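Here are some exercises to work through with the model open beside you. Try each task before you read its solution.

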Amino acid sequence: MGYNLDLQPLSLPGMELKRPILIAGPCSAETEEQTLETARQLAANGVKIFRAGIWKPRTRPGAFEGVGTIGLPWLKKVKEETGMFVCVEVATAVHVYEALKYGVDMLWIGARTTANPFAVQEVADALAGCDIPVLIKNPVNPDLELWIGAIERVNQAGIKKIGAIHRGFSTYSKTQFRNNPEWPIPIELRRRIPNLPIIVDPSHIGGKSAMIHDLSQEAMDLNFDGLLIESHICPEKAWSDAAQQVTPEALKNIMDKLVFRDATIGDKPRVTLDELRKQIDSIDGQLLDLLKSRMAVSEKIGQYKYDNNITILQTRRYDEVMNKRKEQAERVGLNPEFVLKVYEHIHEESVECQNNIMNKDK
Ligand code: PEP
Ligand code: MN
């Protein structure tokens with residue numbers, strides 16, 4: 001594969017960003033008071049990096065689209081008063097110039113922007129010659145290449161302090177998550193670019209404040225580098241993402257409860273048991289989807305046999321399938337006896353299903 005990236009460890013002036021990195025703050029800066037009060041409470045709880053959306057990408061027009069540039073002096077006040085570093089989302093060249101003008105310390109590229117190479121290139125070009133850390137969220141769609149492409153574009157503009165943010169992926173069908181975590185994707189990103197820090201955003205993955213603790217623990221157990229969590233002084237009154245924000249106090253409770261397990265033996269990274277289990281879960285999901293598609297084809301065959309008055313069981317075809325699977329098993333290095341046993345069950349279920357089709361009029 002080989003990516004030609006020139007990366008440096010993530011850092012802010014006077015601070016190395018080490019695992020577990022924590023970035024917290026409201027989804028959006030709404031008013032000066034809400035921004036400053038949230039920041040004060042987070043700083044009092046030990047948070048060092050403050051996030052707040054100034055320009056908000058909203059699904060439909062008419063929703064609150066961020067306060068815009070007038071919010072940037074509020075962030076300047078946050079820095080002066082609390083000493084925290086501040087971080088905002090940028091999606092256009094103008095956002096980049098404005099954020100830099102007001103002394104923002106770190107930028108992030110949002111999921112909708114990462115999905116659009118024109119927009120990423122515009123942001124990257126505006127960043128040329130700057131030395132500011134940039135975090136790149138995954139694209140909304142589960143496309144690892146597109147995520148890496150955005151990282152490459154920003155890196156090619158000369159930005160070396162880069163991190164990735166995993167915020168889950170959209171799905172058409174509703175799941176328990178707002179954005180499906182699909183953990184194998186960020187795990188694969190880490191495998192491909194081992195020196196790229198990956199921060200997990202449980203707020204946008206879960207979409208509900210009650211899910212944040214467990215998702216954060218999962219992220220830490222999978223050995224990711226940090227967390228980005230949305231926090232608001234009064235979540236139920238938030239102008240965006242109200243359901244997923246937590247108060248600074250609730251955030252402190254979540255952080256206090258998290259267990260940070262050591263993921264290294266000596267200096268060798270260890271693949272955690274959870275990481276391996278996640279891979280098994282994901283592969284099993286694929287196996288079941290495949291089995292379902294196989295059964296659907298088998299049903300079509302049943303219908304064909306019914307329409308054409310052909311018997312269900314055709315011994316020659318059965319022997320042919322079994323012999324082929326045995327050969328394929330040997331070729332890929334699986335025990336052929338095991339594979340034949342699995343296929344006997346699959347075949348039995350197919351016959352049963354075709355039988356039901358044959359007998360449907362009875
Ligand atoms: C956000 O962080 O508030 C945001 C808009 O996130 P995303 O780009 O992940 O949807
Ligand atoms: Mn948000």
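A residue counts as buried under 20% relative accessible area, as exposed over 50% and as partly exposed in between (1.4 Å probe, protein chains only). This is a predicted model, in which local features need pLDDT of at least 70 and side-chain atom pairs count only at pLDDT 80 or more, while totals for chains, interfaces and linings use all residues. Residues are numbered from 1 along each chain as its sequence is written, chains are lettered from A and ligands numbered from 1 in the order in which they are written, and side-chain values use heavy atoms, with hydrogens and water left out.

**Exercise 1.** Decide whether W183, F224 and W239 are buried, partly exposed or exposed.

*Solution.* 
- Step 1: W183 has 4% relative accessibility, so W183 is buried.
- Step 2: F224 has a relative accessible area of 0% and is therefore buried too.
- Step 3: W239 reaches 43%, so W239 is partly exposed.

**Exercise 2.** Classify the ring pair F64 and W239, then the pair W183 and F224.

*Solution.* 
- Step 1: Recall the rule: rings of Phe, Tyr and Trp (its six-membered ring) pair if their centres lie within 6.5 Å; planes under 30 degrees apart are stacked, over 60 edge-to-face and the rest tilted. The whole structure holds 3 aromatic pairs.
- Step 2: For F64 and W239, the centres are 5.1 Å apart and the planes stand at 90°, an edge-to-face pair. These two residues are 175 apart in the chain.
- Step 3: W183 and F224 have ring centres 5.9 Å apart and planes at 25°, so this pair is stacked. W183 and F224 are 41 residues apart.

**Exercise 3.** Find the residues that coordinate the manganese ion (ligand 2).

*Solution.* 
- Step 1: Look for donors, meaning N, O and S atoms within 2.8 Å of the metal (3.2 Å for Na, K and Ca); water is not among the atoms, so sites may look incomplete.
- Step 2: The donors are C27 (SG), H204 (NE2), E230 (OE) and D241 (OD), at 2.1 to 2.4 Å.
- Step 3: (Helices, H or I with at least four residues, and strands, E with at least two, are DSSP runs numbered from the N terminus.)
- Step 4: Both H204 and E230 are buried.
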